[in-house]
Amino acid sequence: MLMFWVRLKRALFALFAYTWLIMTVIIALVPISYMVSAAFSPVRRLRDVPVIPRITEWSLVNFREVFTYRSTGGQLLPDYVQSFLVTGLVATVTTILVVIFSSLVGFAFTRYRIKGKKPALLFMLGLQMFPGFMGMIAIFLIFRVFGWLNNPFMLALIYVGGAIPFNTFIVRGFMRNVPKSLDEAAAIDGATNLQIMRKIIVPLAKPIMGFIAINAFMGPWMDYILPSIVMPRNETVAMWLFRMNDPATTPHEPMLFMAGAMFISVPIIIVQIKMQKYVTYGLVSGGEKG
Amino acid sequence: MDTVIRFVKKPLKLLLRLLWFVFDFLANGVIRPIHKLFFAVFKGVGDFFASIPRARRENPSSFKRGLSSLFLPGLGQLKNGQWYKGVPILAILVLFLLIEFISGNYIYAPGEIANYPAEENLYFFRDYGGIFTRGIWGFFTLGALVAGDVYRGEPIVTEDARLDWMMADNSRTLMGEGVIVLVFMAFFLAIWAFSVRDAYMTHIKLRAGMEIERFKKWIRNVWDDYFAYIIIIPGAALLVLFTLMPFLFSFMVGFTNYDAAISLRANLIEWHGLTTFREVFGAEPGFRDFFITTLGWTTFYAIVSSITVYVMGFIQAMVIESRPIVGKRVWRLILILPWAVPGMVALLVFSNIFDASDGLLNQILSRHDLLDTTRTILRFEFFPFDRFAFFDDIWLVRDRVGDIEWFTHHENANLARLIIILVNLWMGYPYFMLLITGVLGTIPSELYEAADIDGGSANQKFRFITFPWVLRATAPVIITTFTFNFNNFGVIYFFTGGGPAYPRAEVPQALIGIEPGKTDILISWIYTMAFESGDHDTYNLAAVYSIMVFVLIAFVSIYYLSRLRSFWEEDD
């Protein structure tokens, strides 16, 4: 008899749990399936797009439009492709420089004695809290004075500068859990600083450097505010997406937005899902455990 | 009696705890850091000035060596016999002077000034100074002449100036260049100070019998001893150029009168001291009231959204990890999709879903004739919070036949706020689900086994084992989520764009054109105020608000850091 009640309780719980999960899954999927449906649908107005993609009526007309639309006549590449390449360049340069510079700073802050380390760390933490784009008037100005507007390389440098504080904390959080005995032993054996760095610290830090690299690479793709100010004539993907979806500008083409958004989202989603296991690095980035 | 005591005790305890928290926050988060900072600064300055007479008294000859470097940076090093230090320092000085001279018009100055009536105004550095002197002049004065003025017998123009000095001053550029120049000057002064100190210290060592190293050996020594400092340089340079300098500039804009009334080259920006701060703190009721309202909503949003994503993530993790669920990996994979979709894309899609005319939601509701039902539900007045500000008019969905204006009508403000929190929940909880799932795996099973032996119920196991463990492991992330949400620009800007707007009649005169929307959080309001208000772009107010956001967040974070012992532990 008792067994029966326990079983009933379990069955009820299972029923409840599955219902709950199915509900949340549906809610999670509706906006995504709406995007997919809009991207592949032949209709011209967002209003006519069904939530569930109609597989029988799918068409690539939106994608064709995305990959051929040129806002001015004499353009070599379609807007979207152009912005894609520009963003790719920005992301690549950012990644390379971020990995080099911020891991160097991070190593210096974990592996060596440095005067004023604590104030420097606090200072970086403080800088990070200032609403970033308030500096944009100044960045815009500096860029104009030096003629750097619309230059993807200089945009990448801003990202690099901005990424250093956060990444320093990440590297610091990671490296303090890596024992120092190895580099100390190497130093006693007479290895030079560079050798220690190349042969010991970098191999140890590879996972965290990979994490930083992927993060740095993902950043520029979805950043809108900064490029819209320093690259007014050199669109990035995020700017393209925003422009297509903005009712205040012409052309206002939400259907193209959906197609372009889907095209760019798929690789990002895949990378994010692959990155799942790094989620616990959030604990590291939150500083340190209490 | 006992029951009465128990009922009184618990809220009292909670209240005491809350009071203690507030007190602790004020003491450790606000007063202590400020005190520490001031103490450190005063002590540093005091020690420095105290050390000068002592150095003079104790090592007079070395002090002289230092003085010669003060007179001419690098000279002390040359006298010490360290040419490899002296020459580069001197070269930097020469380079500075050269840049100053080449970028200025000094050669024309004597001839032109001789012909100029002495009683007339003459801005020497403005007309003839090089990049540094002109930069400093510009920074302190923010310009002197604007279009329409007559100067040295010529009209000041805004374009096609025949002579450089006939161009109207652009205060904003002057200020920007001023900041750049000041940073470079500070760098140069630091080298100068280093040169003085180094000349002094080296001379002391020389007198003690130290040999001057050969160049190659010196290089090697520097490379070995200062390796950590050297590898920081590129990162630090970028940080200074693209983070610190913009920060300083924006900070300073808060102390000027740079608002919508300023038209560059036709008006000058002026240093305004604390006027804007005073306006925000009460002199201008509109600024204060809207700031407080927006701050209230921002804080509410940050707290509620952090809590909702955490709780939802927790529930989801527990459900997926519970015994009856099969295919845990598959469920998890589907449920993290919202997190994997780039935030901006998701928000823009949502803005299309909730669009008042074309939106998916209205489309579905109208297809199934549910618009009126929805409206009835939303207007349903069972909520007891009639006068509670955040829920005041949530149920007053506009009486209109047809589509529901989710966030375009101002009476729908709280509906829009609710939707924002729900959308944020949609985007945010999968992260916590993953995080907490990971933490759940680290709980030692012995704990549960011990609980089983003691006859603990599932409920108790959750309350005394699972929950405390997870909370402790994830506490840091909750705080970072809070600060992140406090500045979560994207959610507002891409999704509602700050709407619904305040009706014109409610906006005070001073804020016309730069008023926040009803769902604007501080950060998105600041952005639209500074960059998207067209003729009303107001930088000084935006700068003051961002300074205040900065201070608020900084206090919270410092408090949080002060509670983390590990941050303060020496780790080298």
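The model is predicted. Chain B contains 24 helices and 2 strands, and 73 residues of chain A are in contact with 84 residues of chain B.

**Overall form of chain B**

- The radius of gyration of chain B is 32 Å, whereas the globule rule gives 25 Å for 572 residues; the value for chain B is well over that figure, so chain B is more spread out than a compact globule.
- Along the principal axes, the C-alpha atoms of chain B fill a box of roughly 85 × 70 × 55 Å.

**Domains**

- Chain B is divided into domain 1 (2-58), domain 2 (75-253) and domain 3, which is made up of 283-354 + 406-564.
- The C-alpha centres of domain 1 and domain 2 of chain B are 39 Å apart.
- In chain A, the domain assignment gives domain 1 (2-59) and domain 2 (79-285).
- The centres of these two domains of chain A, taken over C-alpha atoms, are separated by 35 Å.
- Within chain A, 6 residues of domain 1 are in contact with 6 residues of domain 2.
- On the side of domain 1 of chain A that touches domain 2 of chain A, there are 5 nonpolar residues, no polar residues and 1 charged residue.

**Contact between chains A and B**

- The contact joins 73 residues of chain A to 84 residues of chain B.
- Several elements of chain A give two or more residues to the side that touches chain B, among them α1 (2-39), α3 (79-111), α6 (152-175) and α11 (254-274) of chain A.
- The element that gives the most to this side of chain A is α1(A), with 14 residues.
- By class, the residues on this side of chain A comprise 50 nonpolar, 16 polar and 7 charged.

**A pair of packed helices in chain B**

- Two packed helices are described by the angle and the distance between their axes.
- Helix α11 (residues 275-283) of chain B packs against helix α23 (residues 539-562) of chain B at an angle of about 70°, and their axes are 10 Å apart.
- Because angles of 65 to 115 degrees count as roughly perpendicular, α11(B) is roughly perpendicular to α23(B).
- The crossing of α11(B) and α23(B) is right-handed.
- Thr276(B), Phe277(B) and Val280(B) of α11(B) make the contact with Asn540(B), Leu541(B) and Val544(B) of α23(B).
- The residues of this contact between α11(B) and α23(B) divide into 4 nonpolar, 2 polar and no charged.

Key
Residues numbered from 1 in each chain as written. Chains lettered and ligands numbered in written order. Predicted model: local features only at pLDDT ≥ 70, side-chain atom pairs only at ≥ 80, totals over all residues. Contact = placed C-beta atoms within 7 Å. Helix = DSSP H or I, 4+ residues; strand = E, 2+ residues; numbered from the N terminus. Nonpolar A, V, L, I, M, F, W, Y, C, P; charged D, E, K, R; others polar. Domains from an automatic or database assignment. Axes fitted to C-alpha atoms, helices over the stretch in contact; angles between N-to-C directions. Parallel < 35°, antiparallel > 145°, perpendicular 65-115°, else oblique. Left-handed = near helix turned anticlockwise from the far one by under 90°. Rg over C-alpha atoms; globule rule 2.2 N^0.38 Å.
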